[in-house]
Amino acid sequence: MNAKLQVRVTEVEALNPLIKRFRFVPRDGGLLPAFSGGAHVVVEMEDHGTRRMNPYSLSSDPEDRTGYEVTVRRDDAGRGGSLYMHNHVAVGTEMVISHPVNLFPLDGRAKKHLFLAGGIGITPFKAMIHQLGHIGAKWELHYASRNPGLCAYGDLLRGPVQFYYDDDKSFIPLKDLLARQPLGTHVYCCGPKGMLAWVRATAAELGLAEHAVHFEEFTAPQPGAPFDVDLVRSGRRIHVPAHQSLLEAMEAAGVDAPYLCRGGACGQCECDVVTLDGQIDHRDHWLAPTDHKTKIMPCVSRFAGRALAIDR
Amino acid sequence: MKDATMSLPPSILSRPVYGVLAPRPGLAHLVIADGAGAGAVADLFAADPGIAGRAHVLYTPGPDGGDDWAVIEALGAAQAQRAASVPTLLFRLARVLLDAKAGTQCYLAGSEGLIGQAERDLMAQGVPHQDIQKEHRGSTVRRVQCVHCKGITEAVRTDPFVCSHCGLSLYVRDHYSRRLAAFQGVCIDAEEPGNIPPAVEKFA
């Protein structure tokens with residue numbers, strides 16, 4: 001990895017009871033590296049002895065290099081990263097973040113960009129809309145949230161935007177919406193798992209070009225049963241507790257492990273399996289089913305069984 | 001040569017390869033073919049009888065003059081139009097694309113020149129090239145761009161050949177441009193002007 005970015009928090013704004021916006025500026029002044037809509041940064045947190053590294057999409061204008069903004073939804077049932085951001089990060093907090101990485105970029109070939117956002121899934125689209133605004137490209141946003149009170153940035157989004165609220169029983173009319181798009185439209189979806197699956201299935205059924213439908217795939221690692229792993233190259237055995245990922249456990253043990261997205265999408269942390277006696281719980285979007293006996297993505301995937309040894 | 005798929009020898013990575021048209025779900029099916037490509041269209045419609053009712057076929061005779069319009073006409077497509085030439089077919093295609101919807105499956109069949117130019121126009125519309133199905137049938141003549149004057153010569157049969165624009169003798173490479181829908185032609189006697197090997201009939 002390149003050197004990390006040393007930043008200071010200059011703004012914290014509660015957009016609603018669940019979602020906060022944070023602005024990071026470089027501690028030494030100056031400008032941050034350029035990014036493009038859809039990019040994320042990994043935010044490092046020292047949470048009372050536990051090191052957390054959570055990826056967050058950048059939601060600010062990519063043309064503004066004086067600072068980056070992320071928008072974080074508090075997940076009370078999650079592993080604690082979003083709770084740390086909400087409860088402990090304040091104006092003046094000094095933090096370390098990664099360079100931006102984009103695994104969900106705009107496709108420049110599109111004649112029109114159609115955005116489908118579910119809840120906090122609005123974050124990459126906010127940056128993309130800024131970006132397209134600068135070049136005058138055609139876009140349309142369909143944004144579903146629970147109710148107007150939880151619709152982050154609803155008041156700031158201008159232009160061809162449609163809102164849908166679960167509490168009003170109003171839902172994106174997906175089939176009609178996709179069917180009436182002109183050929184050459186690219187569709188982008190970011191939201192809960194169920195929404196991604198719905199969009200994927202509907203787009204396939206209607207015959208939309210597979211490579212014209214884009215998904216924000218990376219997801220926070222979910223907890224699971226604890227397990228042990230042998231790291232063959234490092235010559236040691238580590239324990240992975242319920243609320244830690246294998247990648248995080250390796251990092252805590254001082255083992256150097258590459259990563260980019262920490263959410264099972266980019267492929268950077270892929271490890272070869274040396275010994276397997278048990279079942280790997282593959283939770284990534286990277287490995288092909290044919291790789292499931294020989295590789296593991298330590299950022300999200302877990303293991304249950306007698307023995308797992310990996311080449312790390 | 002009707003309905004025969006001429007085998008294309010293995011080559012460098014940038015040389016296009018072709019598959020076999022297979023039915024995919026779609027709200028509409030846009031089918032573009034020339035010459036012997038009519039056979040591939042007939043096979044596609046036979047594989048899924050549901051396609052005809054939602055199909056729009058644009059057809060023109062092949063570079064060898066082969067005209068299987070009767071095959072297309074008999075398929076019962078919702079719309080089928082015969083164009084007099086590739087340029088007039090592409091003119092009609094531009095009009096069709098103005099109203100085409102995102103759920104349109106695109107199928108191309110026949111000679112490489114027709115397939116390449118239709119693919120280029122679909123790509124310009126925003127359709128990813130990986131999602132356009134292509135099946136080569138019939139003639140193997142090439143559409144070649146002279147890298148020197150940039151002029152394109154259609155239906156090239158020999159290697160080398162004389163550029164129809166600037167008159168240089170060009171060696172026909174397998175290097176292909178998807179954006180130009182053409183193979184690359186490079187001056188064959190640049191080092192030794194006048195030393196031009198005899199033209200060999202390579203493409204038919």
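Into which domains is chain A divided? In this predicted model, chain A has domain 1 (5-102), domain 2 (112-215) and domain 3 (227-310). Between domain 2 of chain A and domain 3 of chain A, the C-alpha centres lie 33 Å apart.

**Chain A as a whole**

Let us start with the overall make-up. Chain A holds five helices and 17 strands. Its radius of gyration is 20 Å, close to the 20 Å given by the globule rule for 312 residues, so chain A is as compact as a globular protein of that length. The C-alpha trace of chain A spans about 55 × 50 × 35 Å along its principal axes. Of its 312 residues, 40% count as buried. If you take the contacts in chain A between residues at least 6 apart in sequence, 64% of them join residues at least 24 apart.

**A sheet in chain A**

One open sheet of chain A has five strands, ordered β14-β13-β17-β15-β16, and its pairing is mixed. At the edges stand β14 (236-240) and β16 (295-296) of chain A; each has a single partner strand, so one side of each is left without a neighbour in the sheet.

**A sheet in chain B**

As background, strands of a sheet pair through backbone hydrogen bonds, either parallel or antiparallel. Two antiparallel pairs from this chain are set side by side below.

| Strand pair | Bridges | Residues standing opposite |
|---|---|---|
| β10 (residues 169-177) and β11 (residues 182-187) of chain B | five bridges | Tyr171(B) and Val186(B) |
| β6 (residues 142-146) of chain B and β7(B) | three bridges | Val144(B) and Thr153(B) |

The strands β6(B) and β7(B) form a hairpin with five residues between them, and in this hairpin Lys150(B) takes a positive phi near 75°.

**Helix α4 of chain B**

Which elements of chain B do the buried residues of α4(B) pack against? They pack against β1 (28-34), α3 (86-99), β4 (104-110), β5 (133-136), β6 and β7 of chain B. The buried residues of α4(B) are Glu112(B), Gly113(B), Leu114(B), Ile115(B), Gly116(B), Gln117(B), Ala118(B), Glu119(B) and Leu122(B).

The length of this helix can be checked as well. Helix α4 (residues 112-124) of chain B has 13 residues, which at 1.5 Å a residue should span 18 Å; the end C-alpha atoms are 18 Å apart, in agreement. After α4(B) comes Gly126(B), and its phi is positive, near 105°.

**Where the chains meet**

How many residues of chain B are in contact with chain A? There are 17 of them, in contact with 21 residues of chain A. Sorted by class, the side of chain B that touches chain A consists of seven nonpolar, seven polar and three charged residues.

Technical notes
Residues are numbered from 1 along each chain as its sequence is written. Chains are lettered from A and ligands numbered from 1 in the order in which they are written. This is a predicted model: local features need pLDDT of at least 70, side-chain atom pairs count only at pLDDT 80 or more; totals for chains, interfaces and linings use all residues. Two residues are in contact if their C-beta atoms, placed from the backbone, lie within 7 Å. Ala, Val, Leu, Ile, Met, Phe, Trp, Tyr, Cys and Pro count as nonpolar, Asp, Glu, Lys and Arg as charged, and the others, Gly among them, as polar. Two strands pair if DSSP finds at least two bridges between them. Helices (H or I, at least four residues) and strands (E, at least two) are DSSP runs, numbered from the N terminus. Domain bounds come from an automatic or database domain assignment. The radius of gyration is taken over C-alpha atoms; the globule rule is 2.2 Å times the number of residues to the power 0.38. A residue is buried if 20 or more other C-beta atoms lie within 10 Å of its own, exposed if 12 or fewer, and partly exposed in between; C-beta atoms are placed from the backbone. The expected span of a helix is 1.5 Å times one less than its number of residues.
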